[in-house]
Amino acid sequence: MDLIKFIGLALVLLFVLINTFFLFRKNESFFNLRDVIKDHLGLFRNSKSQYVIFYISPLFFAMGLSMIYEAGETFYTNLSVIVSVLLSMLLAILSILTGKDYSSIEDDNQRKNIKNVTQETITAIVFDSMLCIFLLLYGLVMIVVDGVTFDAEVVKRIFAGIAYYSFAVMLLNLLLIVKRMSRIIEFDFGVQKESKK
(Lines give C-alpha, C1' and ligand atoms only; values in the text may rest on other atoms or scores of the structure.)
Protein backbone atom coordinates (compact mmCIF):
# COMPACT_ATOMS: atom_id res chain seq x y z
CA MET A 1 0.00 0.00 0.00
CA ASP A 2 1.44 3.34 -0.98
CA LEU A 3 1.77 6.33 1.35
CA ILE A 4 -1.27 8.27 0.08
CA LYS A 5 -3.61 5.30 0.59
CA PHE A 6 -2.15 4.69 4.03
CA ILE A 7 -2.73 8.34 4.99
CA GLY A 8 -6.27 8.14 3.60
CA LEU A 9 -7.00 5.03 5.66
CA ALA A 10 -5.57 6.74 8.76
CA LEU A 11 -7.85 9.76 8.19
CA VAL A 12 -10.90 7.51 7.83
CA LEU A 13 -9.99 5.77 11.09
CA LEU A 14 -9.51 9.17 12.75
CA PHE A 15 -13.01 10.17 11.58
CA VAL A 16 -14.47 6.97 13.06
CA LEU A 17 -12.67 7.40 16.38
CA ILE A 18 -13.59 11.07 16.81
CA ASN A 19 -17.25 10.51 15.95
CA THR A 20 -17.52 7.38 18.06
CA PHE A 21 -16.09 9.24 21.04
CA PHE A 22 -18.39 12.25 20.73
CA LEU A 23 -21.56 10.42 19.67
CA PHE A 24 -21.33 7.88 22.51
CA ARG A 25 -20.08 10.31 25.15
CA LYS A 26 -22.28 10.43 28.24
CA ASN A 27 -24.49 13.54 28.53
CA GLU A 28 -23.74 14.72 24.99
CA SER A 29 -26.28 17.48 24.34
CA PHE A 30 -26.31 17.52 20.53
CA PHE A 31 -26.93 13.88 19.59
CA ASN A 32 -26.30 11.10 22.04
CA LEU A 33 -26.23 7.64 20.47
CA ARG A 34 -25.83 6.12 23.91
CA ASP A 35 -29.31 7.38 24.87
CA VAL A 36 -30.81 6.31 21.53
CA ILE A 37 -29.55 2.74 22.00
CA LYS A 38 -30.53 2.68 25.69
CA ASP A 39 -34.05 3.91 24.90
CA HIS A 40 -34.40 1.42 22.07
CA LEU A 41 -33.23 -1.53 24.15
CA GLY A 42 -35.67 -0.39 26.85
CA LEU A 43 -38.55 -1.22 24.49
CA PHE A 44 -37.96 -4.91 25.23
CA ARG A 45 -37.53 -4.72 29.02
CA ASN A 46 -40.84 -6.53 29.59
CA SER A 47 -40.07 -9.27 27.07
CA LYS A 48 -36.46 -10.44 27.32
CA SER A 49 -36.94 -13.08 24.59
CA GLN A 50 -37.22 -10.25 22.06
CA TYR A 51 -33.52 -9.49 22.57
CA VAL A 52 -32.78 -12.94 21.12
CA ILE A 53 -35.03 -12.33 18.11
CA PHE A 54 -33.82 -8.81 17.38
CA TYR A 55 -30.11 -9.03 18.27
CA ILE A 56 -28.85 -12.61 18.69
CA SER A 57 -30.53 -14.40 15.76
CA PRO A 58 -29.29 -11.76 13.24
CA LEU A 59 -25.78 -12.57 14.45
CA PHE A 60 -26.19 -16.20 13.33
CA PHE A 61 -27.72 -14.99 10.07
CA ALA A 62 -24.80 -12.61 9.45
CA MET A 63 -22.18 -15.23 10.29
CA GLY A 64 -23.81 -17.72 7.94
CA LEU A 65 -24.09 -15.25 5.07
CA SER A 66 -20.50 -14.07 5.49
CA MET A 67 -19.33 -17.70 5.22
CA ILE A 68 -21.40 -18.23 2.07
CA TYR A 69 -20.82 -14.92 0.27
CA GLU A 70 -17.92 -12.49 0.35
CA ALA A 71 -19.43 -9.06 -0.21
CA GLY A 72 -17.85 -6.81 -2.81
CA GLU A 73 -18.39 -3.41 -4.36
CA THR A 74 -21.65 -4.41 -6.06
CA PHE A 75 -23.16 -5.60 -2.77
CA TYR A 76 -22.27 -2.38 -0.94
CA THR A 77 -23.54 -0.23 -3.82
CA ASN A 78 -26.88 -2.06 -3.87
CA LEU A 79 -27.05 -1.94 -0.06
CA SER A 80 -26.58 1.85 -0.15
CA VAL A 81 -29.49 2.24 -2.58
CA ILE A 82 -31.80 0.06 -0.45
CA VAL A 83 -30.78 1.77 2.78
CA SER A 84 -31.31 5.23 1.24
CA VAL A 85 -34.88 4.30 0.28
CA LEU A 86 -35.54 2.88 3.76
CA LEU A 87 -34.10 5.99 5.42
CA SER A 88 -36.35 8.29 3.40
CA MET A 89 -39.33 6.09 4.32
CA LEU A 90 -38.42 6.22 8.01
CA LEU A 91 -38.12 10.00 7.94
CA ALA A 92 -41.51 10.25 6.19
CA ILE A 93 -43.09 8.12 8.94
CA LEU A 94 -41.39 10.29 11.55
CA SER A 95 -42.90 13.41 9.97
CA ILE A 96 -46.36 11.78 10.13
CA LEU A 97 -45.91 10.99 13.81
CA THR A 98 -44.87 14.54 14.67
CA GLY A 99 -48.25 15.74 13.39
CA LYS A 100 -50.18 13.54 15.83
CA ASP A 101 -52.12 15.36 18.53
CA TYR A 102 -53.87 13.29 21.18
CA SER A 103 -54.90 16.16 23.46
CA SER A 104 -58.55 15.84 22.38
CA ILE A 105 -58.81 12.26 23.69
CA GLU A 106 -60.85 12.38 26.88
CA ASP A 107 -59.90 9.02 28.36
CA ASP A 108 -56.60 9.54 30.23
CA ASN A 109 -55.68 5.85 30.02
CA GLN A 110 -56.25 5.73 26.25
CA ARG A 111 -54.29 8.96 25.74
CA LYS A 112 -51.40 7.64 27.85
CA ASN A 113 -51.32 4.31 25.95
CA ILE A 114 -51.32 5.86 22.49
CA LYS A 115 -48.69 8.41 23.49
CA ASN A 116 -46.56 5.52 24.78
CA VAL A 117 -46.96 3.58 21.51
CA THR A 118 -46.13 6.72 19.52
CA GLN A 119 -43.01 7.39 21.61
CA GLU A 120 -41.87 3.76 21.23
CA THR A 121 -42.36 4.04 17.47
CA ILE A 122 -40.34 7.26 17.34
CA THR A 123 -37.57 5.58 19.38
CA ALA A 124 -37.49 2.64 16.96
CA ILE A 125 -37.42 5.01 13.96
CA VAL A 126 -34.52 7.02 15.39
CA PHE A 127 -32.61 3.77 16.11
CA ASP A 128 -33.29 2.43 12.60
CA SER A 129 -32.30 5.78 11.07
CA MET A 130 -29.04 5.59 13.01
CA LEU A 131 -28.42 2.12 11.54
CA CYS A 132 -29.23 3.43 8.05
CA ILE A 133 -26.72 6.25 8.35
CA PHE A 134 -24.13 3.83 9.75
CA LEU A 135 -24.70 1.45 6.82
CA LEU A 136 -24.45 4.28 4.28
CA LEU A 137 -21.11 5.41 5.70
CA TYR A 138 -19.95 1.82 6.16
CA GLY A 139 -20.90 0.92 2.59
CA LEU A 140 -19.05 3.95 1.26
CA VAL A 141 -15.91 2.98 3.18
CA MET A 142 -16.18 -0.65 2.10
CA ILE A 143 -16.52 0.32 -1.58
CA VAL A 144 -13.31 2.32 -1.28
CA VAL A 145 -11.54 -0.37 0.77
CA ASP A 146 -12.61 -3.00 -1.76
CA GLY A 147 -10.59 -1.06 -4.33
CA VAL A 148 -7.52 -1.38 -2.11
CA THR A 149 -6.22 -4.89 -2.63
CA PHE A 150 -5.36 -6.94 0.40
CA ASP A 151 -5.45 -10.70 0.70
CA ALA A 152 -7.08 -11.06 4.12
CA GLU A 153 -10.20 -13.03 3.16
CA VAL A 154 -11.14 -13.54 6.81
CA VAL A 155 -11.07 -9.77 7.44
CA LYS A 156 -13.27 -9.14 4.38
CA ARG A 157 -15.76 -11.72 5.63
CA ILE A 158 -15.83 -10.12 9.10
CA PHE A 159 -16.48 -6.72 7.52
CA ALA A 160 -19.23 -8.25 5.38
CA GLY A 161 -20.68 -9.90 8.51
CA ILE A 162 -20.92 -6.48 10.20
CA ALA A 163 -22.92 -5.16 7.23
CA TYR A 164 -25.18 -8.24 7.14
CA TYR A 165 -25.80 -8.03 10.89
CA SER A 166 -26.61 -4.31 10.85
CA PHE A 167 -28.92 -4.74 7.87
CA ALA A 168 -30.75 -7.69 9.46
CA VAL A 169 -31.23 -5.79 12.74
CA MET A 170 -32.48 -2.80 10.77
CA LEU A 171 -35.04 -4.90 8.87
CA LEU A 172 -36.30 -6.60 12.04
CA ASN A 173 -36.73 -3.21 13.68
CA LEU A 174 -38.56 -2.06 10.57
CA LEU A 175 -41.11 -4.81 11.26
CA LEU A 176 -41.45 -3.43 14.80
CA ILE A 177 -42.08 0.04 13.38
CA VAL A 178 -44.71 -1.27 10.96
CA LYS A 179 -46.49 -3.11 13.80
CA ARG A 180 -46.49 0.02 15.99
CA MET A 181 -47.72 2.16 13.10
CA SER A 182 -50.58 -0.26 12.49
CA ARG A 183 -51.61 0.13 16.16
CA ILE A 184 -51.53 3.92 15.81
CA ILE A 185 -53.61 3.78 12.61
CA GLU A 186 -56.14 1.40 14.23
CA PHE A 187 -56.40 3.78 17.18
CA ASP A 188 -56.96 6.76 14.86
CA PHE A 189 -59.72 4.87 13.02
CA GLY A 190 -61.34 4.02 16.36
CA VAL A 191 -61.24 7.67 17.44
CA GLN A 192 -62.75 8.76 14.12
CA LYS A 193 -65.61 6.24 14.48
CA GLU A 194 -66.36 7.42 18.01
CA SER A 195 -66.36 11.07 16.95
CA LYS A 196 -68.92 10.35 14.19
CA LYS A 197 -71.37 8.78 16.65
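## Aromatic pairs

The structure holds nine aromatic pairs. One of them joins Phe75 and Tyr76 in an edge-to-face arrangement, with 5.1 Å from centre to centre and 75 degrees between the planes. The model is a predicted one, and the geometry reported here is computed from it.

Tyr76 has a relative accessible area of 1% and is therefore buried. Phe75 and Tyr76 also belong to one aromatic cluster, which they form together with Tyr69, Phe134, Tyr138 and Tyr164.

## Overall architecture

The protein contains six helices and zero strands. Read from the N terminus, the order of elements is α-α-α-α-α-α. Among these elements are helix 1 (residues 3-23), helix 5 (residues 108-147) and helix 6 (residues 153-196). Along the principal axes, the C-alpha atoms fill a box of roughly 75 × 40 × 30 Å.

Of the contacts in the protein with a separation of 6 or more, 80% are between residues 24 or more positions apart. Of the 197 residues in the protein, 34% are buried. The protein exposes about 12700 Å², and carbon and sulfur atoms supply 67% of that area.

## Charges and salt bridges

Glu70 lies in the loop between helix 3 (49-68) and helix 4 (73-98), while Arg157 lies in helix 6, so the pair ties together parts that are 87 residues apart in sequence. Because the relative accessible area of Glu70 is 30%, this residue is partly exposed. Arg157 likewise counts as partly exposed, at 22% relative accessibility.

Another salt bridge is formed by Asp108 and Arg111, whose closest N and O atoms are 2.3 Å apart. Both residues lie in helix 5, where Asp108 and Arg111 are three residues apart, about one turn of the helix. Asp108 counts as exposed, at 52% relative accessibility.

Arg180 forms a salt bridge with Glu120, and the closest N and O atoms of this pair are 2.4 Å apart. Distant parts of the chain are linked by the pair, since Arg180 is in helix 6 and Glu120 in helix 5, 60 residues apart. Both Arg180 and Glu120 are buried.

What is the relative accessible area of Asn173? The value is 0%, and Asn173 is therefore buried. Asn173 has its place in helix 6. When residues up to four places away in sequence are not counted, Asn173 touches His40, Phe54, Tyr55, Phe127 and Asp128. Phe127 and Asp128, both touched by Asn173, have numbers that fall in helix 5 (residues 108-147).

Asp188 is also placed in helix 6. Its relative accessible area is 16%, so Asp188 is buried; the cut-off for this class is under 20%. Which residues does Asp188 touch, not counting those up to four places away in sequence? They are Lys100 and Tyr102. Asp188 and Lys100 are 88 residues apart in sequence, and their C-alpha atoms are 9.6 Å apart in space.

## A residue of helix 1

Ile7 has its place in helix 1 (residues 3-23). At 42% relative accessibility, Ile7 counts as partly exposed. Ile7 and Leu135 are 128 residues apart along the chain, and their C-alpha atoms are separated by 23 Å.

Key:
Residues numbered from 1 in each chain as written. Predicted model: local features only at pLDDT ≥ 70, side-chain atom pairs only at ≥ 80, totals over all residues. Heavy atoms only, no water. Helix = DSSP H or I, 4+ residues; strand = E, 2+ residues; numbered from the N terminus. Buried < 20%, exposed > 50% of the residue type's maximum accessible area, 1.4 Å probe, protein only. Contact = heavy atoms within 4.5 Å. Areas by Shrake-Rupley, 256 points an atom, 1.4 Å probe, with all protein chains shown as cover. Phe/Tyr/Trp six-rings, centres within 6.5 Å; stacked < 30°, edge-to-face > 60°. Salt bridge = Lys/Arg side-chain N within 4 Å of Asp/Glu carboxyl O.
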